[in-house]
Amino acid sequence: MMNILKLAFREFFGMFIDDGALALAALLLIAVVGVLVKFAHVVGLLVAVLFLLGCLLILAESVARAARKKFQRK
């Protein structure tokens, strides 16, 4: 019964989020940027640049991880 629940949860989760690590990293980046804006009073342009760089790094890491998985299968 527990295996069926785990499988159902994974399938439900997979409908919305294909890459859990990517989603988690994006949420963490949003939280960090939010804290910087709220408590550190960082200038808006700097926050935008940090957010852009963070997104690019997260996407690059996700692509690299997907490429490693693909080449390991062959």
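Predicted model: local features only at pLDDT ≥ 70, side-chain atom pairs only at ≥ 80, totals over all residues.

Trainee: Where do Asp-19 and Arg-65 lie?

Mentor: Asp-19 is in the loop between α1 (2-16) and α2, while Arg-65 is in helix α3, so the pair ties together parts that are 46 residues apart in sequence.

Trainee: And is Arg-65 buried or exposed?

Mentor: Buried, because its relative accessible area is 16%, and the cut-off for buried is under 20%.

Trainee: How many salt bridges are there?

Mentor: The count comes to two. In the other one, the side chains of Glu-61 and Arg-65 meet at 3.1 Å, N to O.

Trainee: How far apart are Glu-61 and Arg-65 along helix α3?

Mentor: They are four residues apart, so about one helical turn separates them. Glu-61 counts as partly exposed, at 40% relative accessibility. Salt bridges that share partners join Asp-19, Glu-61 and Arg-65 into one network.

Trainee: Okay, back to Asp-19. Which side chain makes a polar contact with the side chain of Asp-19?

Mentor: That would be Ser-62, at 3.0 Å. Ser-62 lies in helix α3 and is buried, with a relative accessible area of 12%.

Trainee: What is Ser-62 in contact with, leaving aside its neighbours within four places in sequence?

Mentor: Asp-19 and Leu-22. Asp-19 also shows up at the start of α2, where one of its side-chain oxygens comes to within 3.3 Å of the backbone nitrogen of Ala-21.

Trainee: While we're on α2, how many residues does it have, and what is its reach?

Mentor: α2 has 20 residues and reaches 28 Å from first C-alpha to last, close to the 28 Å expected at 1.5 Å a residue.

Trainee: What about α1, how far apart are its end C-alpha atoms?

Mentor: They are 22 Å apart, which agrees with the 21 Å that its 15 residues should span at 1.5 Å a residue. α1 is hardly covered, though: the count of buried residues in it is zero.

Trainee: Where is the place of His-41?

Mentor: In the loop between α2 (20-39) and α3 (44-73). His-41 is exposed, with a relative accessible area of 64%.

Trainee: Which residues form the nonpolar patch on the surface?

Mentor: Val-43, Leu-45, Leu-46, Val-49, Leu-50, Leu-52, Leu-53 and Leu-56, with about 750 Å² of accessible area together. Leu-52, for one, sits in helix α3.

Trainee: Last one: is Ile-30 buried, exposed or partly exposed?

Mentor: Partly exposed, with a relative accessible area of 48%. Ile-30 lies in helix α2. From C-alpha to C-alpha, Ile-30 and Ala-8 are 29 Å apart in space, and 22 residues apart in sequence.

Note on methods. Residues numbered from 1 in each chain as written. Heavy atoms only, no water. Helix = DSSP H or I, 4+ residues; strand = E, 2+ residues; numbered from the N terminus. Buried < 20%, exposed > 50% of the residue type's maximum accessible area, 1.4 Å probe, protein only. Expected span 1.5 Å × (residues − 1). Polar contact = N/O pair within 3.5 Å; in protein donor to acceptor, adjacent residues only side chain to side chain. Patch = residues over 30% accessible without salt bridge, like charges linked within 9 Å, V, L, I, M, F, W, Y side chains within 5 Å. Areas by Shrake-Rupley, 256 points an atom, 1.4 Å probe, with all protein chains shown as cover. Salt bridge = Lys/Arg side-chain N within 4 Å of Asp/Glu carboxyl O. Contact = heavy atoms within 4.5 Å.
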